[in-house]
Amino acid sequence: MAQSLDDISRQLRKRHRKSARMKWLSMSALIAAAAFLVLFLVDMVVKGLPAFQQAYIEVEIDYSERAAELPLAAVQADVRDLVSRGYLRLIPGRMAEDESLLGTQRMEWVLADDAVDQHLKGRDTRLKDKQKAVIERLVESGRAELKFNIGFFTNGDSKLPEMAGLASAAIGSVLVLIVTLAFAFPVGVMTAVYLEEFAPDNRFTRFLEININNLAAIPSILFGLLGLAIFINFFGTPRSSALAGGLTLGLMTLPIIIITARAALRAVPDTIRQAAFGVGATRWQAVRDHVLPLSMPGILTGSIIGMAQALGETAPLIIIGMIAYIPDAPGSFTQAATVLPAQIFTWAGMPESAYIERTAAGILVLLTVLISLNATAVYLRKKFEHRW
């Protein structure tokens, strides 16, 4: 039975209403996701920016023989609890390095205790009223102020919040990424070349392809267990070292590099291969001299994204012991090291309030590095990609 014009119009209006509802639901989901992202970034910026400033106070340092044995004696009693204990511990070493300091008294800007730092930033602290009065007197006389926290970028980890920094974790991250790239990039690219250009289409290669795709989706902590079993327990790689961490993250990054490299190789037109065969090139010569160079921008893009993912990983490194307290930067690939995400994780569990802002600041630094790596990948793809 033929439908009337009114029935058709009613059905169309119903379909349009459903379409409009779906459109608004999709837009609402997008707005909600953007709102959560903005809220996260704003929260991190508000909490993290204060960490880039650190309290310093100007006090008189007495470089006496007694101070060489008892560093607390180097400052006056009324400001003794306001000066960082870590700074006071450095005084005997400075006197040993420079003997001319012995017997002198100097006015110097020194690192303040974390409680002083938090007080100057307007937060509740454990300071007594008498100590707060001393701080106010120093502020009024211009002898207490917040300065740029260069130590956050030059110091390693410390049990004292005012002296804790990212330097050792940053160097550890660089060493780990060097090992990861040196292991995962050549193995991943060669595997992709074999599977895409040379491997026959049979059950074995299809089995490999399925498992490579599955490895890219499994939880990263399983790669930590694999790295612990293979590299540490079997091969005897030093625990907590950049070598063990880099090889473990290399296992995790391999599937990503293989998949992206295969996609880049597949994007090269077959006419390039056929032209190479037409002038007498072997398959390997065609791949080496033509296909691989043309696909390299896509391979580099996927590799950089894989490195960015590896840089942000924590779970596999916790399994192999890279969550340890590492105050000094590693000097080699086999020394104990930590990485930026693990350092942030460690600070997040500290009870002192000063570590809260350092945790947020560490997240901001890590986000900056990750965004820079991803932006580099996008730039390389846009600059060197070929349009066929």
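A salt bridge, as counted here, is a side-chain nitrogen of Lys or Arg within 4 Å of a carboxyl oxygen of Asp or Glu. The views below come from a predicted model, in which this rule gives 16 salt bridges.

**View 1. A network of salt bridges joins five residues: Asp117, Lys121, Arg123, Glu357 and Arg358.**

**View 2. Asp78 and Arg137 form a salt bridge between distant parts of the chain.** Their closest N and O atoms are 3.5 Å apart. Asp78 sits in the loop between α2 (65–69) and α3 (85–97), while Arg137 belongs to helix α5 (residues 129–140), and 59 residues separate the two. Asp78 is partly exposed, with 36% relative accessibility, and Arg137 is partly exposed as well, at 45%.

**View 3. Arg262 and Glu209 form a salt bridge that links two helices.** Here the closest N and O atoms are 3.1 Å apart. Arg262 lies in helix α10 (residues 242–267) and Glu209 in helix α8 (residues 203–215), 53 residues apart. Arg262 counts as buried because its relative accessible area of 13% is under 20%. Glu209, in contrast, is partly exposed at 25% relative accessibility.

View 4. Arg273 is buried, with a relative accessible area of 10%.

Definitions and conventions:
Residues are numbered from 1 along each chain as its sequence is written. This is a predicted model: local features need pLDDT of at least 70, side-chain atom pairs count only at pLDDT 80 or more; totals for chains, interfaces and linings use all residues. Side-chain values use heavy atoms; hydrogens and water are left out. Helices (H or I, at least four residues) and strands (E, at least two) are DSSP runs, numbered from the N terminus. Buried means under 20% relative accessible area, exposed over 50%, partly exposed in between (1.4 Å probe, protein chains only).
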